[in-house]
Amino acid sequence: MIPAAPAELNAAIRSGTPLGNLLGPVFGQPINPAHWRSNDPLVLARRNASRLRTMAIYFNCGRSDDLGFDKGAEALDRELKAEKVAHQYHLYPGDHSLEYFLAHLGEVMEFHSKAFEAAR
C-alpha cells in the first residue's frame, strides 16, 4: 500500500529518497494525479469490494517499514474491514528488508497453499 499522497511523493522524488526512487517511475515524475487516483488501493478496495470478497487476501508489514508502508497497510486493513472483505493482515516488528521478508515467507506460503487447496 502506498504510504504518501502525491504532493509528498513529489517531494520525495525531488529529494531522491528511496520511496521517491521506487514510486516515481510507476506514477510519474512528477506524480500523475489521475494515474495515482485510479491505482489507489483504498479506492480500489471500495470500488471492487464485492469481487474482493471472493478472494483469499493476505498481507503483512514491518512496524518500522523503511518506506512507510506500515501506515498504508494499516489503512488498507481498516478499509477492507469497513467493506467487510475477509483478509489476514499482520503487523510485525521489523523493517522493509530481505531479513524481514525471509522471516515471514513460511507463513505467506502456508496461507497461499491453503487458499489454493481450498480453490481446487
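Is E79 buried or exposed? E79 counts as buried, because its relative accessibility is 13% and buried means under 20% relative accessible area, with exposed being over 50% and partly exposed in between (1.4 Å probe, protein chains only). Before going on, a word on the ground rules: this is a predicted model, where local features need pLDDT of at least 70 and side-chain atom pairs count only at pLDDT 80 or more, while totals for chains, interfaces and linings use all residues. Residues are numbered from 1 along each chain as its sequence is written, and side-chain values use heavy atoms, with hydrogens and water left out.

So what does E79 touch? Leaving aside neighbours within four places in sequence, E79 is in contact (heavy atoms within 4.5 Å) with L42, A45 and R46. With R46 there is also a side-chain polar contact of 3.1 Å; that term covers a pair of N or O atoms within 3.5 Å where, within protein, one must be able to donate a hydrogen and the other to accept it, and residues adjacent in sequence count only if both atoms are side-chain atoms.

E79 sits in helix α6. Helices here are DSSP runs (H or I, at least four residues), as are strands (E, at least two), numbered from the N terminus. α6 has 14 residues and reaches 20 Å from its first C-alpha to its last, close to the 20 Å expected at 1.5 Å a residue; the expected span is 1.5 Å times one less than the number of residues. Besides E79, the buried residues of α6 include F69, D70, L76 and L80, and its buried set packs against α2, α4, α5, β1 and β2. Just after α6, K84 takes a positive phi of about 60°.

Now for the greasy part. In soluble globular proteins, nonpolar side chains tend to be buried together. The largest nonpolar core here has 22 residues, and F59 and L80 have the most contacts inside it. Such a core is a set of buried Ala, Val, Leu, Ile, Met, Phe, Trp, Tyr and Cys residues joined through side-chain atoms within 4.5 Å. The largest share of this core, 5 residues, comes from α6. Beyond its neighbours within four places in sequence, L80 is in contact with A45, L52, I57, F59, V85 and H87.

Finally, look at α7. Its buried residues are Y100, H104 and F111, and what covers them includes β1 and β2.
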